[in-house]
Amino acid sequence: MKKKSRRKGGYKAPADRRVEKKRRKKMTMKQKRIVLVAVILFAVFSFTYIRNIVRLTAENHRLKQQEQQLKIERDRLEKLLENVDDADYIEERARKQLRLLNPDEILFTFDVEEDNGED
């Protein structure tokens, strides 16, 4: 019974081995190029993905701040709406904005000169 050789094709001359080695080396160069291209593509896609995550996180933070400001504005407007039917509030707004007076009141206006700090 003969033992089977682990090598394919049996014995090869040293010149054939060199040719085979060069062929394997060329294949590995092609494989290296393929791996390099794959790594570069992976890096580009990863960078794009991470950049999008950072941009969306910043936009999310900005929108949350805007939401807080809008909630504060809504609360202020709700309080203002509660006062709209109040007689004292209506009188105060009429006096300040429209300069309305009761019949027995007199309005005094004074010219106020601003001091610019120049002597």
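This short talk walks through a nonpolar surface patch and the salt bridges of one predicted model.

The model is predicted, so local features need pLDDT of at least 70 and side-chain atom pairs count only at pLDDT 80 or more, while totals for chains, interfaces and linings use all residues. Residues are numbered from 1 along each chain as its sequence is written, and side-chain values use heavy atoms, with hydrogens and water left out.

Let's begin with the patch. Leu36, Val37, Ile40, Leu41, Val44 and Phe45 together make a nonpolar surface patch of about 580 Å². To be counted in a patch, a residue needs over 30% relative accessible area and no salt bridge; like charges are joined within 9 Å, and nonpolar side chains (Val, Leu, Ile, Met, Phe, Trp, Tyr) within 5 Å. The areas come from the Shrake-Rupley method with a 1.4 Å probe, and for residues only the protein chains shown count as cover.

Take Leu41 from that group. You'll find Leu41 in helix 1, which covers residues 14–83; helices here are DSSP runs of H or I with at least four residues, numbered from the N terminus. Leu41 counts as partly exposed because its relative accessibility is 44%, where partly exposed sits between buried (under 20%) and exposed (over 50%), with a 1.4 Å probe and protein chains only.

Now to the charged side chains. How many salt bridges does the structure hold? There are four salt bridges, each being a side-chain nitrogen of Lys or Arg within 4 Å of a carboxyl oxygen of Asp or Glu.

One of them joins Glu67 and Lys71, at 3.8 Å from N to O. Why are these two about one helical turn apart? Because Glu67 and Lys71 are four residues apart in helix 1. Glu67 is partly exposed at 39%, and Lys71 is also partly exposed, at 34%.

Further along, have a look at Arg74. Its side chain meets Asp75 in a salt bridge at 3.6 Å, N to O, and Arg74 also pairs with Glu78 at 3.9 Å, N to O. Glu78 and Arg74 both lie in helix 1, four residues apart, about one turn of the helix. As for accessibility, Arg74 is partly exposed at 45%, Asp75 at 37% and Glu78 at 42%.
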